[in-house]
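Look at the structure below and keep the view open while reading.

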Amino acid sequence: MAVTHEDVRHVATLARLEVDDARLDHLVTELNGILAHMDALAEVDTREVEQAEFAPKVGTPVRSDASGPLKMYAPLESFAPASRDGFVLVHRLSTHEDSENRAP
Amino acid sequence: MSITNFGSLSAVALSARVGSGDLVPADTVAASFDTADAVSAGRDGLNLILWSNRELALRDASSLAEGMAKAGKGGLLAGVPLAVKDNIATLGLPTTCASKILAGYVSPYEATAIIRLREEGAIVVAKTNMDEFAMGSSTENSAYGPAHNPHDVRRVTGGSSGGSAAAVAAGIVPIALGSETGGSVRQPAAFCGIVGVKPTYGRVSRHGLVAFASSLDQIGTMARNVDDAALTMEIMSGLDPFDSTSSSAPVGGYRDQYMSLATNPAPLEGMKIGVPAEYFPENLDPGIRQLCLRSVDALKSLGAKVIDVKMPQTPLAIPVYYIVAPAEASSNLARFDGVRYGFRSEEASTLSELYSITRSEGFGPEVTRRILLGTYVLSAGYYDAYYKKAQAVRALITRDFGAVFGDGVDALFTPTTPTTAFPIGGITDPYEMYLSDIFTVTANLAGVPAMSLPIGRVGGLPVGGQIIAPHFGEAAMFRVAYALESALGQEAHQ
Amino acid sequence: MSDERYEMVVGLEVHVQLKTKSKAFCGCSADFGAPPNANTCPVCLALPGALPVLNEKAVELASRAAVALGCTLHPVSVFARKNYFYPDLPKGYQISQFDQPLATNGKLEIETADGKKQIGITRVHMEEDAGKSLHDRYPGETAIDLNRSGVPLIEIVSEPDMRSSAEAGAYLRSLRQILLYLRVSDVSMEEGSLRVDANISARLKGQKELGTKTEVKNMNSFSGVERALDFEFARQCALLDRGEKISQQTLLWDAAKGEARVSRTKEGSHDYRYFPEPDLLPLVLDKNWINEIKASIPELPADRKKRFAEEYRISSEEIEQLTSATDLSDYFESAARESGDPKAAANWVMGEVQAALNISGVSLDQLRVRPADLAQLIKLIRDGLVSHAAGKKIFARMLETGKPAAQVAHDESLLKVGDDSALTGWIDEVIREHPDEAGRYLAGEKKLQGVLVGFVMKKSGGKADPKRVNQLLMSRAGGG
């Protein structure tokens with residue numbers, strides 16, 4: 001599968017990374033190069049593994065509802081880039097610009 | 001009091017001397033810092049150490065001394081200076097993962113592994129250089145510049161735990177922590193001529209290890225000898241309620257077995273060691289091949305039965321790894337957004353820019369490349385063909401190990417790396433760089449324990465031999481390594 | 001209206017906050033109302049190196065909800081990462097469930113104008129909540145509070161089985177009631193412990209294929225949901241009538257303006273790149289545990305209503321009110337059984353008890369008058385030992401003092417006086433004080449009996465036994 005310039009731009013947006021046009025060409029070549037090696041995987045017969053019944057014996061461990069919080073040796077204010085009255089601050093979302101990206 | 005031959009003392013020996021009162025913790029700390037200065041371990045020298053603070057370490061040393069006085073005894077690592085890869089959370093010193101995006105970040109909590117080592121008296125003296133976010137095989141991808149191999153400063157230390165490996169090799173600390181996702185403890189250990197161990201996946205808690213690829217990551221130990229590495233590993237191992245993937249399997253005495261066999265002329269009697277053909281390709285460096293064959297002879301003379309085995313899925317490991325690891329990484333690194341901690345770009349004037357400019361400025365090129373790759377293979381339309389397929393092939397690789405170990409093989413022996421340490425700047429093609437992990441990555445994918453120990457030199461540069469054991473087979477792995485180490489003796493460093 | 005040619009098809013996605021003490025994946029308090037970011041830790045702040053560990057209570061509550069909704073609870077389900085960027089989503093992904101959810105295939109019965117109807121429930125899955133972003137607290141900034149980040153949620157997805165806004169409203173009300181009965185959540189839209197997203201499409205009546213659906217969000221009451229659905233249905237019908245296509249969009253309901261406006265979503269920008277959460281193992285529920293969960297389900301509203309209708313002769317409105325909450329209906333039933341008078345119990349519970357709760361603000365389990373106490377009071381009145389008016393006074397004193405009914409009645413001298421000599425004395429006084437009415441009554445104006453009884457009741461401070469007073473008056477008048 002060939003990765004296009006559009007693919008890289010799209011993926012960069014998903015990952016919130018800026019890729020300038022100069023780097024774009026370079027990245028497209030690199031990613032295609034890497035993914036070309038991955039094509040070998042398509043040939044591998046994995047039916048047996050995929051059809052094997054998914055029956056894990058041990059499930060995820062759980063903790064008690066009453067277990068207390070993990071201790072922090074320094075408060076949020078000490079490492080947050082911007083904070084006020086206990087809140088962490090970022091540039092204001094303009095309701096139309098960014099709230100569209102809010103998922104359900 | 002200054003310590004003679006500090007740079008070659010084992011952790012066990014140091015701890016014994018501190019425990020007996022022969023040395024005080026302040027002495028070992030001083031010796032460590034003095035050695036670091038002597039070898040120019042800092043930014044303008046070998047660039048092995050990113051963060052250290054002599055006063056802080058001395059304060060820890062005096063608290064330790066007080067504690068020991070009250071308890072009347074010391075722990076298993078009493079007063080032993082420890083270097084920690086910069087992606088493991090420590091209190092006091094920063095945790096930046098050698099990335100600009102975490103510049104100045106000091107973790108408000110500490111990794112479980114560190115807590116357990118401190119409880120046994122270890123003192124954290126440095127945070128070491130690494131490939132940014134553990135993505136790399138040379139420690140050239142650090143935001144703070146490459147680390148230099150003490151054996152030849154024009155060459156790489158290996159990576160991503162290069163700083164830790166070199167710190168041990170340079171005599172700054174007897175033990176250091178690194179992390180593994182695709183061989184990042186074993187490969188630099190091989191390049192730097194020391195011992196490097198990756199435990200079974202889930203053996204050591206990942207709480208406090210900055211995640212790269214969650215299903216592969218493990219903290220590993222590095223030391224100048226097998227016993228120190230085994231002891232350190234044993235102390236850190238065991239179930240942690242803060243890590244849901246940590247195992248409740250009992251931590252069996254890793255050292256007991258080989259200690260009890262130490263005087264036995266054939267300590268590997270009754271063991272079957274497999275040599276997989278796939279790890280000895282036609283084009284394997286002849287010098288490395290030679291050293292491996294010498295080690296195999298040594299294993300035989302120690303009483304082991306050595307047989308040829310096949311692990312046919314081995315060539316698929318790199319493609320599988322380079323789909324699975326970047327995919328998980330792309331998700332794990334989403335939290336670095338300039339909002340709650342770390343670097344936040346001043347250039348941003350909207351939230352959208354806050355994300356994209358912070359992340360673009362904060363991440364280096366290799367990290368960016370892997371995030372893009374990882375995002376791509378998870379994206380709509382590609383998930384099945386890439387990520388899901390890769391995980392299925394991964395299961396086949398795991399089965400390879402299961403088949404061999406299930407057939408009565410107790411451990412495998414292979415070279416650790418296809419080459420010795422290459423020159424800094426010597427490899428520029430990303431995929432070629434990925435190939436340095438070709439012998440190590442399989443163990444990460446299958447989750448089995450594996451370690452590297454020095455088996456000789458080629459062109460004056462260290463070569464590592466690798467031992468791989470079944471899941472939770474650390475005891476068997478250390479048994480083979482300890483015996484081989486003894487048998488090779490000084491030849492391992494020549 | 002053109003709407004009559006079309007049929008509304010609605011599916012609802014409801015997010016419910018589970019009532020646990022701590023969060024889904026860390027031990028921070030899940031309580032509401034703490035100062036900003038007071039309930040946070042490395043895990044819910046997504047600090048580097050922090051890992052999730054699942055809260056067993058969240059699993060229990062989620063499972064109970066799923067079972068009560070008739071779903072199949074899967075012994076194995078898998079957590080998955082839903083990846084997207086938003087400032088109050090600290091990890092840059094939400095831990096949720098994707099293709100192997102906790103439970104599937106349930107149903108909920110609702111009452112419609114045309115009788116009972118089953119609404120299918122596609123799935124119930126577990127996930128974590130995000131924090132809160134306040135856009136207007138400080139000018140030019142968005143303030144982020146992560147107290148809510150990591151609070152456990154279940155998402156309940158219905159089949160697109162609803163055909164009107166009324167059905168949607170009925171579904172939500174039934175759903176809410178069941179969840180209240182189970183005590184798994186406060187289910188309050190105002191407080192945010194219940195949130196609704198609606199999917200709605202329109203198709204010609206009789207058409208089999210579904211139309212293109214739009215998503216409507218941001219409603220904060222059940223009636224808001226109904227109005228939003230009606231609005232959007234009308235909009236879609238108008239478009240279809242003009243031969244235009246419906247675009248798949250997300251709309252935000254504006255309650256003040258009574259309209260839904262399009263949120264400018266870029267096509268395809270929500271690629272969540274789901275993959276199994278590698279920091280957690282699959283959720284495995286063993287058979288015994290599942291059976292315990294099933295056994296722990298209390299009598300649910302539909303069954304309780306049916307049973308009340310059969311066992312107690314009270315009206316359906318009364319049943320509706322009394323079964324609105326588990327504790328209320330437990331209280332009522334206890335009082336009804338002990339007193340043997342369900343009708344009276346219903347009146348008292350919906351009257352004085354409810355009023356007392358409203359005024360004092362205490363919860364039902366904190367109320368001093370317990371069901372047994374109320375039952376005693378009911379019996380006193382029924383047996384004629386106190387008048388109904390006195391009963392109210394006694395109830396008030398019981399609330400204050402916590403003393404049993406009989407004791408209060410005695411202490412306050414509220415026991416009805418049935419002693420003829422006392423009654424006769426009062427009757428004599430009334431006759432003296434009201435010679436006009438008394439004279440006319442005794443002369444034969446029987447209808448004045450009630451007035452005279454009233455005077456006697458007043459004089460006796462409500463204590464006279466009205467039945468006996470009536471009898472005595474009648475015999476005075478010479479009647480039988």
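Predicted model: local features only at pLDDT ≥ 70, side-chain atom pairs only at ≥ 80, totals over all residues.

Residues are numbered from 1 along each chain as its sequence is written, chains are lettered from A in the order in which they are written, and side-chain values use heavy atoms, without hydrogens and water.

**The second largest pocket**

Rolling a probe the size of a water molecule over the atoms shows where empty space is left. On a 1 Å grid over the protein atoms alone, a pocket is an open set of points where a 1.4 Å probe fits, with protein on both sides within 12 Å along at least five of seven lines; lining residues have an atom within 4 Å of a point. The second largest pocket has a volume of about 810 Å³, a volume being the space filled by probe spheres set on the points.

Its lining consists of 28 residues, and those nearest the centre are Glu109(C), Ser174(C), Pro301(C), Ala302(C) and Lys305(C). Two or more lining residues come from each of β7 (103–112), β8 (115–128), α2 (165–182), α5 (301–311) and α6 (316–322) of chain C. Helices (H or I, at least four residues) and strands (E, at least two) are DSSP runs, numbered from the N terminus. The largest share, seven residues, belongs to α2(C). The pocket lies between domain 1 (2–288) and domain 2 (299–411) of chain C, because both give residues to its lining; the domain bounds come from an automatic or database assignment.

**Aromatic rings**

Rings of Phe, Tyr and Trp (its six-membered ring) pair if their centres lie within 6.5 Å; planes under 30 degrees apart count as stacked, over 60 as edge-to-face and the rest as tilted. Over all chains, 30 aromatic pairs are found.

Phe401(B) and Phe405(B) are four residues apart in helix α13 (residues 384–406) of chain B, so about one helical turn separates them. Phe401(B) is buried (under 20% relative accessible area, with a 1.4 Å probe and protein chains only), at 2%. Phe405(B) is also buried, at 13%, and Tyr386(B) is buried at 3%.

Key. Buried < 20%, exposed > 50% of the residue type's maximum accessible area, 1.4 Å probe, protein only.
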